[in-house]
Each structure stands twice: as C-alpha cells, then as structure tokens.
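Student: I have a structure open and would like to learn how to read its features. Could you take me through some of them?

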Amino acid sequence: MEHIIIIGGGIGGALAHDLTLRGFRVTLVEKGELLSGASGRHHGLLHSGARYVLHDLKAARECAEENGILRRIAPDALELNDGLFVALNDADMALWDRFDEKCHEAGIIHTQLTASQTLALEPELVPTLKGAFRVCDAVMDAWRLPLQFFATALSNGARIRTFTEVISIQTSGRSIVGVEVVDHRFNRVETIGSDLVVNAAGPWAAKVAAMVGLKIPLRTVPGVMVSVPARLNRMVINRLHPAGEGDIIVPQRNLSIMGTTAWMAEDPDSVQIPRGHVTRLFELGKQLIPRIRQYAPHAVWHACRPLLDVGPEQDPMRISRTSDCLDHAERDDLEGFVTVLGGKATTMRAMAEQTADLICRNTGRDRHCRTRKAALKPYRAYYEYH
Amino acid sequence: MNSMEMFKFRIRRYKPGAIDPPRFETFEVAVGQDRSASILDCLEQIRLNQDPTLMYRHSCHHGSCGTCACQINGTPRLACTTKLSQLSADPLIIEPLEGFDCIADLVVNMDDFFKDIDCKWSYLQTDQSADAPPPPGGITTWSRLEDCIECGCCVSACPAVQVNSAFMGPAALTAVHRQYRKFRQQRERLLAIAGGHRGVKGCHRALVCSKVCPTRVYPARHIDELRRQLKTPSST
Ligand SMILES: Cc1cc2nc3c(=O)[nH]c(=O)nc-3n(C[C@H](O)[C@H](O)[C@H](O)COP(=O)(O)OP(=O)(O)OC[C@H]3O[C@@H](n4cnc5c(N)ncnc54)[C@H](O)[C@@H]3O)c2cc1C
Ligand code: SF4
Ligand code: SF4
Ligand code: FES
C-alpha cells in the first residue's frame, strides 16, 4: 500500500487513524509536541452544532453528527453535561423561534426551558435571564480526546514523529516524492520518501503550501481565552444570539473557561494577545455569570483558527466553520499532494474521513471508512505503543 | 500602560550528540511590567523569536493537559500556569523535570510514569460539589474529568521514588485509589496492587507530592486512604 506522510499533529491524528484502518502506511510528522497547535488549546467545547444554526447550517449539521459519533467512540474524555443557550434580553428572545426552527432543521435535539427552570439547573447564571434552550453540547479534554486517535493509529502501525518539522517538500517534475525534515531532538536534517503528502498544518498550512509555491484559501483567525480558578457552571453556557465574542463559558475540571475573541492575522507565529481582550471577556462573561468577575485569571492564552476562506464574508466570527480538502493534482497540477483545511476540533473525524475518501479515489483504492464505529484506544495507550 | 521589563532565563539545553554534555544557555525576554506572562509564554517567545530549536512540551496552555511540567527554580511546576509575578529569582532557572529521562532540552520521557496506571482505568468522576442542583432528565450524574492531569510533578518531587525505584509513586497510587472508589468489583485486585511491594509501603509520608500538585489532587491523602482500606476494607 501507498506510504502517506501527514504534516501536522492536530486533526492529523484522526487522519492517521482513518488511513491506517484503510490499510495505508502512514508517517505523521509534527514540529512540536502533538496537539501543540490549535487542537490542544481551544475551549474544549464538543459542539452540539447549535452555535452555528443561525448562520452556518452546514457546519451545524456536521457538528451535530460528529458530536454523536465522538460520544460513542471516545466517551472517557468527555464531560457529558449538555449545554444551554441562554437568552438574556428581549433582543435575544426575538431569535427564539428562529433558533428553535433551525435546530430542528439541523437535527439538533433541543428543549425549551423557562427562566426558572434554567436558574434551577445553573444557579450562578444572571437572575434576570429570560429563558434557555438545552442542547447536547459537551466538554472534551482537548489533549486526551485527540490523543486517543493517535494511540489507535499507533496500535495499527502508524509512525508518529514529534519534534520533527517539515522544512521543504521534495518534488520530481509535477509530483511530490517526499519531505525534508529537521528532527529537533538531534538538530538533524533527513528526508522521508512517500507516495503522497497531506498538509494538515492548520494555521501553518499556507506556509507548508508555499514550500511548493502554492497559495491556499486560508484565513488565520486567532482568539483569546481566559480561565478562572473556579467551576461556576456544570453545563456549557452559550449566549442565545448570533455567534459573537465572549459568549461561551465552558466548565472543565475546576475551571471555567471564557471565550473567545476573533481577529484576522497574517502569521500564526507572531500573534500577540491584543490589549483589552481580557477585560472584554470578563465584561461579557459577567453578563452571563456575574460572579465570574470576582476571580483573577488563572490562565490567559490564544489559539489560531485555520479557517477556509470561502466567499466574501469578512466578519471573523461568521466565516464558515466548514472544512474542505484540496486536491492539488486537480487544482494545481501537482500530483501526490492534498491539503485539509477549516472545520472544528469537533469535526476532526469527519475531516479525516473526507480526506481519506479523496486519497482512496486518487489512488484507486476501494476502501471504506470505518472510523464512525471503531471505538478508540484509551489515550494512555499512546505511551504503550509509541 | 503596561511597559516592558527584561527577564533573564537560564535554560538547561541538551540534544544527544549535538548539545552534549548538557549546558545552560541564557535568554532575555521582554515582558509586560504586570508580570502576568507565564513561563510558557516566555518559552514561546524564545522559540519563536530567538531560537527555533528550543524544545519543550506544551498543549493546552491552561493547566489541563499536564504536558508542560518542568523544574522552575528547582521546583516542579507547570510552565503554563506559573506566572512571572509568582517568582522572584533572577535569572530564572528552567530545567527538565527531575527524575525522568531527558529526551532533549526540557522534554522528558513520560512512558514510565504511565507504566503503573492501567490505560483502561476511568478518567471521569462524578461531580461531588455540595451545592450542585440535581441534573435534568437524561443525565444520571453530573460528570467531570479527573483533576489529576498526569503532569508528573508529584513523582518528580517525591523523595521516596528517588531512593526506591520499585516504588510506583504518588500519581499511580492516586490512580489506583480513584479506580478503587469507582469500581467495587475491582477492589480486591486494586488493594493487592496498593499493598504489594511497589505500593503504599514505599511512601515515607513526606507530603511534598501534595504540596507540588498544581491541581490540588493531594496524592498523599489518596495514599493514606489506601492504607486505611488495606487495614479495614470498607463496605461502602
Ligand atoms: C480560540 C479558539 C477556540 C476554539 N474553540 C473550539 C472549541 O471549543 N471546540 C472545537 O471543536 N473547536 C474549537 N476551535 C477550533 C479548533 O481548535 C480548530 O479548528 C482545530 O484545532 C484545527 O486543527 P488543525 O489540525 O487544522 O490545526 P492545528 O491543531 O493547529 O494542527 C496543525 C499542526 O501542524 C503542525 N505543523 C505546522 N507546520 C508544520 C511543519 N512545517 N512541520 C511539522 N508540523 C507542522 C503544528 O505544530 C500543529 O500542531 C477553536 C479555535 C480557536 C482559535
Ligand atoms: S507522601 Fe509519599 S508519595 Fe508523597 S512525596 Fe511523600 S513519600 Fe512520596
Ligand atoms: S497528582 Fe497532581 S502532581 Fe501528580 S501527576 Fe496528578 S496532577 Fe500532577
Ligand atoms: S500546557 Fe497543558 S498543562 Fe501546561
């Protein structure tokens, strides 16, 4: 079978899992620790899809389906306490019927709660709230859930090399034949040959594509998150309004995580947290849970969304969260090179499936995806197999 | 206005065959004067602006994954939740986690840490908070990820692990006890592990494990509880 190199240890883990199950030989290279890009440091929200129903129905549907699948194949890395979409004022209430309708349309199970039912479930919420929808949001361990994909891929024979950075891509004519990497452990440069290379470098995917002179439709959209050292809610709290800044509070262990902001950046390696974002997150967070302002930040950090640049949308909150894989043979006349872009951590398995389907088509292999059903290895198995 | 201030870092570097034997290198980083930057923020600045070959582990940046533990001024701590404002020494000394094999720079091998934690043991707990309202229909109990983020700080600090390589250490015993509390039918087997030659008898009750734990797991309490259960297994 073909040897496939995956560049990037984020959603690349799910792809390594899918491709090994389909019988390919896989080597995944990651320039740092696994999940040291966006995939390890987001909020940890396993989306029900409800966040996207008002403006991005395709992403909403995809999240809804993947939410159900991850609950089945990786239940041990999830806090399954559901989520609320809380209406705080009349403007939020004006969206009530449309939210209800769109959730139906996207296939997201939702129940309506009165203000007092909502407060009975989450007493720290602002007492003047108007009502809420309950949906099947959940909280994932952003490290341990994806580590299960890596563990399973390893157990099925994938090679996973961390601290191994791709510095150039080798071509012969209009075909990719391998990559040149630096193994940071020894400051050593080497080449790895392959039949196909997948660019899963997330926010760095444009830099990787530029190694072979290609431009890809990537928007780098960083966001800031703040955790406080107290768990103020059990369910994921979202504001019922068009998805915006500071409208999510994700509980996790003994923390509450507020997020997020969004702006456009050029280079993921030179992002600085803009002044004022932390204050803004506290301002917005306290509208949902007033007591959150009593806490000093426990951590402040950022991550970069690698978004697919489709269409004219300029508002970083509203750029579609759908994903795509680019077949550079078809698009740029470069054989053996595929880029996977966009999506959410929630949809990593689906993105992997889509990419592996494309690879099967291009290599003439008739192998079906098995990752919807196959339970993943426990994350600790990673340390046994690697 | 948060004007800038320079901080000096002495970082232990090691790359087999390349920076070998290990040596300290000094870096200077400009940080805001409120000193809210974390050690991890500073390591990121050094890697991105000064030396792209610097290696350290990191993922969540908020104290949940457990990958970033290292010796900070001689104490095992998480780089991501240790802020400059909490530290006084200048320069700051950053070394790989003691008691683990160093792979390169600040990266250590965690395989041994997981050797005594069965990979199938559960990582979820029931939310115990007293003020929690009853969960709604469809949810039996409020669930929560375990507090132990498997960072290795306790094992690194434990004096007993250092002198007795057979002792499985505070993190593994804590995992044994958590599993013991959750699954009645496994209790006998788990007590046998805790009471075995690698179990609780290796612990000298030095309590540093509880002191260094960044997520307040208090491993020493779990070990004490296992001792109690070994004497008189409870029926609850
Ligand atoms: C603020 C914020 C909050 C978010 N919250 C959520 C949430 O709650 N729920 C959710 O589902 N999604 C969330 N997301 C989205 C999610 O984090 C991303 O969509 C997803 O993690 C992207 O994964 P990726 O693999 O494409 O990118 P990454 O995870 O960044 O992976 C790319 C990897 O490639 C590596 N790499 C880059 N260049 C090279 C090279 N030359 N050689 C080797 N390796 C290389 C990088 O080190 C990196 O690890 C959030 C995103 C942001 C920014
Ligand atoms: S209490 Fe026991 S396990 Fe903890 S540090 Fe002391 S000797 Fe080690
Ligand atoms: S008990 Fe605490 S110090 Fe020890 S591994 Fe777990 S989180 Fe780290
Ligand atoms: S980076 Fe996850 S605990 Fe520090």
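Tutor: Gladly! Helices (H or I, at least four residues) and strands (E, at least two) are DSSP runs, numbered from the N terminus. By that numbering, A:G23 is found in the loop between helix 1 (12-21) and strand 2 (25-29) of chain A. This is a predicted model, where local features need pLDDT of at least 70 and side-chain atom pairs count only at pLDDT 80 or more, while totals for chains, interfaces and linings use all residues. Residues are numbered from 1 along each chain as written, chains are lettered from A and ligands numbered from 1 in written order, and side-chain values use heavy atoms, with hydrogens and water left out.

Student: Which residues does A:G23 touch, not counting residues up to four places away in sequence?

Tutor: Contact means heavy atoms within 4.5 Å. A:G23 touches A:M1 and A:R367 on that count.

Student: Is A:G23 buried or exposed, or partly exposed?

Tutor: Buried means under 20% relative accessible area, exposed over 50%, and partly exposed in between (1.4 Å probe, protein chains only). At 29%, A:G23 is partly exposed.

Student: How many aromatic pairs are there over all chains?

Tutor: Rings of Phe, Tyr and Trp (its six-membered ring) pair if their centres lie within 6.5 Å; planes under 30 degrees apart are stacked, over 60 edge-to-face, and the rest tilted. The whole structure has 7 such pairs. One of them is tilted: A:F85 and A:F99, at 5.1 Å centre to centre and 40 degrees between the planes. A:F85 lies in strand 5 (residues 83-87) and A:F99 in helix 4 (residues 96-106) of chain A, so the pair ties together parts that are 14 residues apart in sequence. A:F85 is buried at 4% relative accessibility, and A:F99 is buried at 2%.

Student: What kind of pair do A:Y379 and B:Y123 form?

Tutor: Their ring centres are 5.5 Å apart and their planes at 75 degrees, so the pair is edge-to-face. This pair crosses between chains, and both A:Y379 and B:Y123 are buried.

Student: Where does the charged end of B:R187 sit?

Tutor: A charge sits over a ring if NZ of Lys or CZ of Arg is within 6 Å of the ring centre and within 35 degrees of the ring normal. The charged end of B:R187 sits over the ring of B:Y180, 4.6 Å from its centre. A:R234 lies over the face of B:W142, 5.8 Å from the ring centre.
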